[in-house]
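Open the model in your viewer and keep the selection panel at hand.

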Amino acid sequence: MLLWTVALLFVPCVGKTGQLSLQVRPNPMFEGNSLTLKCQGRDNTLLSQVKFYKNGKFLHLSEDSQTLSMGIATVNSSGLYHCTGNMTHNRHVITGISKTVMVQVQELFPPPVLRATPSNKLLEGIPLTLKCQTKLHHRRPAQRLRFSFHKDSRPLQTRVLYPELHIRAAKEGDSGLYWCEAAPESGQIRKRSPQLEIRVRAPVSQPLLTLRPTGLAVGDVAELLCEAQSGSPPVLYSFYLNGEMLGNRVAPCGRAASLLFRVTSERDAGNYSCEAENSVSKETSKPGALSLDGLPVLSAPTSSNGLVLWLPASLLGLMVIAAALLGYFRPWRKTGPLPPQDLPPEAGGEQHLLNINFHCQNENDDGIIYSEVYTTPNENDGRFCHLRRGEPAAP
């Protein structure tokens, strides 16, 4: 009977909620603070077998301590906490339960965002500014943040007070994935920004055209190789013969492009060129001459030699028109043999312009120049003029 009485004295009894209290330090709680929980009994009664819970789940058992250090607080530390513990009263062991305490860990600063000025897509040579944007909580204005900038996996600046990174003149090599990191001076928490892609576009340089080989015969295969030494890809290459497009090729990586073709006739000889174009600029190569064996390459006439060819033709044309008018108002015909000529169109034909055909002097003509001028009448004019001129009369 005595043994049963002794056993009953030490059987724990479950007490009412509120016999214990749970203290959370510090208060208010911010990211980076050291979170500490303390379970206390009334009148600072000593406790044993203290247990801590978060959101109803067991966290930790402390046999001889009423305090639990939770380490550095983060937003994930927020939740509902309570504790239980044994206390002895009048030889009776009573298990007390604290009220539930809501722990709200406030964000010291939001995750940063990386911004690019003037834009994350720009041309070579333009200044670029990257800014790591975030803001401290208004109740922690005295704290200072430090910033780090990274490109891909390489650090550019680390733990600086100024939240900006300046690139004086962006280059194509500056393209890549950038991100920044912000942390308080204690360094207990760090937050990264999402990655920001920077794309720097470079204009294409003047391409170089290579002809392989330069001397060809009908039936051979020729290659046109066009390459721009610099320029952001993709690059579109176009190939030309005497100003007329032959075809184009796209170089996705910005390297050279080539065009193969088989020489079929002398018309494949001439001046070739190529053009390189990307999203920034367009450049044309210097022309290259491709000749067939035994055939000269005729270059396109320039403005100077075009003028030289035009002047004699104009003077000769005026002379022929004058002769035609003279024959119209004063018809004459000199007897003598004429070389065979194609007859002009019959009256009522479709031509309405003055047509002039010339038969140039040769070695057998003995100084004779032949010319033929004819017009085709319109609907309101029934006249028809036909002039032939042969060798002059003998003296």
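Helices (H or I, at least four residues) and strands (E, at least two) are DSSP runs, numbered from the N terminus. The model is predicted: local features need pLDDT of at least 70, side-chain atom pairs count only at pLDDT 80 or more, and totals for chains, interfaces and linings use all residues. Residues are numbered from 1 along each chain as its sequence is written, and side-chain values use heavy atoms, with hydrogens and water left out.

**Select the protein chain.** It holds 2 helices and 31 strands. Of its 395 residues, 34% count as buried (under 20% relative accessible area, 1.4 Å probe, protein chains only). Its accessible surface (Shrake-Rupley method, 1.4 Å probe) is about 25,300 Å², with 55% belonging to carbon and sulfur atoms.

Pick Cys226; its bridge partner is Ala257 in strand 25.

**Select Gln40.** Gln40 lies in strand 3 (residues 34–41). Is Gln40 buried or exposed? Buried, at a relative accessible area of 15%. Show Gln23 next: the two side chains make a polar contact at 2.9 Å (a pair of N or O atoms within 3.5 Å; within protein, one must be able to donate a hydrogen and the other to accept it, and residues adjacent in sequence count only if both atoms are side-chain atoms).

Conventions. Buried < 20%, exposed > 50% of the residue type's maximum accessible area, 1.4 Å probe, protein only. Pairing = 2+ DSSP bridges.
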